[in-house]
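Me: I have a protein chain to look at for class. Could you go through the structure with me?
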Amino acid sequence: MKPVVYVDLEVLAGNNGGESMPTPVLAGTALDVLHGAFRQWPGRYALALPGVAPDRANAPGRILRVFAGNRDDLDALVAAIGGHPAIRDYTRIGYPRPVPGAFSGPWIEYRRYRIPSQKSLRKPDDTLRERRMWSARERGLPFFQTRSRSNGQSFMLYVQALDAATGDAECLPDSYGLSVSSRPFAVPRL
């Protein structure tokens, strides 16, 4: 997939029965809905966080930008998620827009920053998990509080923004629309 069109999902301030819901919670919920659609159509969508910059402490922001290879894929995504209460009530879906035809940069990579689970550690005294968590907090990496559909456990999905030289690599995103170290790719920084 080459990122040639995109749509922005703007997370709105939430008010659920008089109780205000924080934007990061709503952004995580919107990402959960997107994750379900991304899993249905693997490799079609890449996620960008326009409010997140490399080498700066960030929050995920209010905008979730989704890139696709064509307008039909974006239309299918909007049709699949548009009726979900979290999307319908707490986000505003923008109009799909093309990436400028002669876009030459800048490019940015949004990579999933992995923190191993406690169960995956090989030795009982292994501190890799704590070191990775400390590093993510120290660097101010944005995160989404989300829940695994396979085991029901809650976890934080950290995202690392990296400057990229080009956007020539084929986009092979994971099920969250992010780059992984074994399949790096960049999207236009618009």
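Reply: Let us begin with a term: a contact means heavy atoms within 4.5 Å. Axes are lines fitted to C-alpha atoms, for helices over the stretch in contact, and angles run from 0 to 180 degrees between N-to-C directions. Helices (H or I, at least four residues) and strands (E, at least two) are DSSP runs, numbered from the N terminus. With these terms, α1 lies across β9 and β10 and runs at about 60° to β9. Helix α4 (residues 128-139) packs on the sheet as well, touching β8 and β10, and its direction makes about 145° with that of β8.

Me: What kind of model is this, and how are residues numbered?
Reply: This is a predicted model, in which local features need pLDDT of at least 70 and side-chain atom pairs count only at pLDDT 80 or more, while totals for chains, interfaces and linings use all residues. Residues are numbered from 1 along each chain as its sequence is written, and side-chain values use heavy atoms, with hydrogens and water left out.

Me: How many helices and strands are in the chain?
Reply: The chain has four helices and eleven strands.

Me: In what order do the four strands of the open sheet come?
Reply: The order is β9-β10-β8-β11, with antiparallel pairing. Two strands pair if DSSP finds at least two bridges between them. β9 (143-147) and β11 (187-188) stand at the edges with a single partner strand each, so one side of each has no neighbour in the sheet.

Me: How many bridges are there between β8 and β11?
Reply: β8 and β11 pair over two bridges, in the antiparallel sense. Trp 107 stands opposite Pro 188 in β11.

Me: Now β4. Which strand is joined to β4 by four bridges?
Reply: That strand is β5, and the two run antiparallel. Leu 47 has Val 66 in β5 as its bridge partner. Both faces of β4 are covered: Tyr 45 and Leu 47 on one side, and Ala 46 and Ala 48 on the other, are all buried. Buried means under 20% relative accessible area, exposed over 50%, and partly exposed in between (1.4 Å probe, protein chains only).

Me: Which residues touch the most other members of the largest nonpolar core?
Reply: They are Leu 34, Val 66 and Tyr 110, in a core of 45 residues. The largest share of this core, eight residues, comes from α1. A nonpolar core is a set of buried Ala, Val, Leu, Ile, Met, Phe, Trp, Tyr and Cys residues joined through side-chain atoms within 4.5 Å. Leaving out residues up to four places away in sequence, the residues that Tyr 110 touches include Leu 47, Val 159 and Val 187.

Me: Changing topic: is Thr 91 buried or exposed?
Reply: Thr 91 is buried, at 7% relative accessible area. Thr 91 belongs to strand β6 (residues 91-93). Beyond residues up to four places away in sequence, Thr 91 touches Glu 10, Val 11, Leu 12, Ala 30 and Ala 86.

Me: And where is Asp 73?
Reply: Asp 73 is found in helix α2. Asp 73 counts as buried, at 13% relative accessibility. Not counting residues up to four places away in sequence, Asp 73 touches Arg 44, Tyr 45 and Ala 68.

Me: Last one: what share of the chain counts as buried?
Reply: Of the 190 residues, 43% count as buried. Along its principal axes, the C-alpha trace spans about 50 × 45 × 30 Å.
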